[in-house]
Amino acid sequence: MPATFPALLADLLRTDPGRPLVTFYDDATGERVELSVATYANWVAKTSSLFVEEFDLERGDTVLVDLPTHWLAPVFVGAAWNAGLVVSFDPEQPADLTVCGPDGLERYADSGTVLASALLPLGVRFRDPLPEGVHDFGAEVWSQPDSFIPWDPPTPDDPALAGRTQQDVLTPAGDEVPDYVAGGRLLTTANPASPRGLAGLLAPLVSGGSGIWIRNPDPDRIERRVADERATARWVV
């Protein structure tokens with residue numbers, strides 16, 4: 001088992017870069033997004049470069065990720081760990097960079113360095129001007145390179161979350177996601193950018209599986225989603 005996130009991502013790219021890794025539905029808008037391993041790695045690389053090159057974040061700095069259930073949540077978490085940064089989901093704790101969606105603009109506009117995503121299809125920019133000092137992810141990420149090689153790569157003992165190292169978060173814990181079997185396809189409504197829902201990202205990621213996340217879930221569509229996506233486990237919270 002790889003002991004750092006960059007090593008895990010490199011392994012996934014070597015073994016099966018074309019398989020689906022992240023699938024996202026928004027039942028309120030009808031949006032569906034699917035990222036293969038290679039596409040996910042590309043988004044992670046671009047976002048890692050944005051963190052390091054544009055915001056001057058260094059190994060050990062903290063990134064607060066305050067997003068709803070969305071396909072970009074696994075991207076931001078992965079990019080932080082790829083660059084050796086610490087991920088936080090607690091808005092009450094200080095952070096070197098805050099990542100938020102449209103609903104967080106008012107709260108975080110005057111809270112230091114802020115990177116906001118419009119959470120629109122294809123990760124595009126906001127349609128309206130942002131508060132002064134808030135950076136638009138959809139405007140800034142596209143200019144970043146498609147590969148990322150950190151000059152100071154993380155080690156297994158570097159913190160990834162409060163109280164958990166990179167090696168800790170990549171060590172499978174089978175009881176965190178009910179009924180999930182390693183290597184399977186997990187359908188869940190749990191927000192991956194949350195302390196509880198993070199397990200729904202990690203369990204498939206470290207075991208060669210994949211995840212399907214549903215925002216604004218329609219209970220009448222769950223069974224159809226399970227069948228269409230060939231999910232092997234579901235975690236509806």
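Which are the buried residues of α3? Select Leu72, Ala73, Pro74, Val75, Phe76, Val77, Gly78, Ala79, Ala80, Trp81 and Asn82 to see them. Buried means under 20% relative accessible area, exposed means over 50%, and partly exposed lies in between (1.4 Å probe, protein chains only).

Before moving on, note that this is a predicted model, in which local features need pLDDT of at least 70 and side-chain atom pairs count only at pLDDT 80 or more, while totals for chains, interfaces and linings use all residues. Residues are numbered from 1 along each chain as its sequence is written, and side-chain values use heavy atoms, with hydrogens and water left out.

**Stop 1: helix α3**

Show residues 72–82 as a helix; α3 is mostly covered, with eleven of its eleven residues buried. Helices (H or I, at least four residues) and strands (E, at least two) are DSSP runs, numbered from the N terminus. Just after α3, select Gly84, which takes a positive phi of about 80 degrees.

**Stop 2: Thr98**

Go to strand β5 (residues 97–100) and select Thr98. Thr98 counts as buried because its relative accessibility is 4%. Now show Leu64, Tyr108, Ser111, Thr113, Val114 and Leu115: Thr98 touches these residues, not counting residues up to four places away in sequence. Contact here means heavy atoms within 4.5 Å.

**Stop 3: Pro153 and its contacts**

Select Pro153 in the loop between α5 (137–140) and β8 (159–161). Pro153 is partly exposed, at 42% relative accessibility. Leaving out residues up to four places away in sequence, Pro153 touches Arg59 and Asp158.

Keep Arg59 and Asp158 on screen, as their side chains meet in a salt bridge (2.6 Å, N to O). Arg59 is partly exposed at 34% relative accessible area, whereas Asp158 is buried at 10%.

**Stop 4: other salt bridges**

How many salt bridges does a search of the whole structure find? The search finds 14. A salt bridge is a side-chain nitrogen of Lys or Arg within 4 Å of a carboxyl oxygen of Asp or Glu.

Select Glu92 and Arg107, which form a salt bridge with their closest N and O atoms 3.1 Å apart. Glu92 lies in the loop between β4 (86–88) and β5 and Arg107 in helix α4 (residues 105–108), so the pair ties together parts that are 15 residues apart in sequence. Glu92 is exposed, with a relative accessible area of 59%, and Arg107 is partly exposed at 46%.

Next, select Asp228 and Arg224, whose side chains meet in a salt bridge (2.9 Å, N to O). The two are separated by about one helical turn because they are four residues apart in helix α8 (residues 222–228). Asp228 is partly exposed at 43%, while Arg224 is exposed at 55%.

Then show Asp27, Asp218, Arg221 and Arg225 together; these are linked in a network of salt bridges.

**Stop 5: Asp56**

End at Asp56, in the loop between α2 (37–54) and β3 (62–66). Asp56 is exposed, with a relative accessible area of 57%.
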